[in-house]
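Subject: Structure for your review

Dear colleague,

Please find the structure below, together with its sequence. I would be grateful if you could read the notes that follow with the model open.

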Amino acid sequence: MNKIPDNSIIVTDITSKIIEVIISGDASVEKVKEMGFVCHTDSFSVQILDEEDKINKIKKLISANALFSFGYGWYPSEVIAYYKDRGVDFGIYKVIRWAGKDEYKIEDVE
């Protein structure tokens with residue numbers, strides 16, 4: 001597992017009928033529980049009802065300063081880019097990319 005920043009929410013999957021996140025820190029756990037996420041062994045997830053529900057949950061995650069895993073081929077960062085191309089306004093959101101097991105970079109995307 002790659003190192004994750006302290007007190008963070010990292011979105012690892014938003015392509016299916018669920019959103020899945022990994023968490024670091026108790027405050028982050030409380031934030032995602034308030035959004036309806038359910039705890040699993042090493043992650044949290046929430047069911048998606050429809051496209052509008054997914055977009056609303058993404059906006060809530062952005063408001064909670066969640067980090068969206070960067071990559072190509074339907075990583076969370078690519079799903080947000082897809083919605084932005086279709087006119088959904090998310091404002092500024094954060095992506096995280098790993099340069100190695102213990103190295104990451106967080107950047108704001110408009």
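Predicted model: local features only at pLDDT ≥ 70, side-chain atom pairs only at ≥ 80, totals over all residues.

Residues are numbered from 1 along each chain as its sequence is written, and side-chain values use heavy atoms, with hydrogens and water left out.

**The sheet.** Helices (H or I, at least four residues) and strands (E, at least two) are DSSP runs, numbered from the N terminus. Two strands pair if DSSP finds at least two bridges between them. On that basis, 7 strands form an open sheet with mixed pairing, in the order β3-β4-β2-β1-β5-β6-β7. Its edge strands, each pairing on one side only, are β3 (38-39) and β7 (103-109). Strand β6 (residues 93-100) runs antiparallel to β7 and is joined to it by 7 bridges; Lys 94 has Asp 108 in β7 as its bridge partner.

**The aromatic rings.** Rings of Phe, Tyr and Trp (its six-membered ring) pair if their centres lie within 6.5 Å; planes under 30 degrees apart count as stacked, over 60 as edge-to-face and the rest as tilted. The whole structure contains 4 aromatic pairs. In one of them, the ring centres of Trp 74 and Tyr 82 are 5.4 Å apart and the planes stand at 70 degrees, so this pair is edge-to-face. Tyr 82 also pairs with Tyr 83, with centres 5.4 Å apart; the planes are at 65 degrees, so this pair is edge-to-face. Ring pairs link Trp 74, Tyr 82, Tyr 83 and Phe 90 into a cluster.

How accessible are these residues? Buried means under 20% relative accessible area, exposed over 50%, and partly exposed in between (1.4 Å probe, protein chains only). Trp 74, at 49%, is partly exposed, as is Tyr 82, at 30%, whereas Tyr 83 is buried, at 4%.

**Two asparagines.** Asn 7 is not a glycine, yet its phi is positive, near 50 degrees. Asn 7 lies in the segment before β1 and is exposed, with a relative accessible area of 55%. Asn 65 likewise has a positive phi, of about 60 degrees, without being a glycine. Asn 65 belongs to the loop between α2 (51-63) and β5 (67-69) and is partly exposed, at 48%.

Yours sincerely,
A colleague
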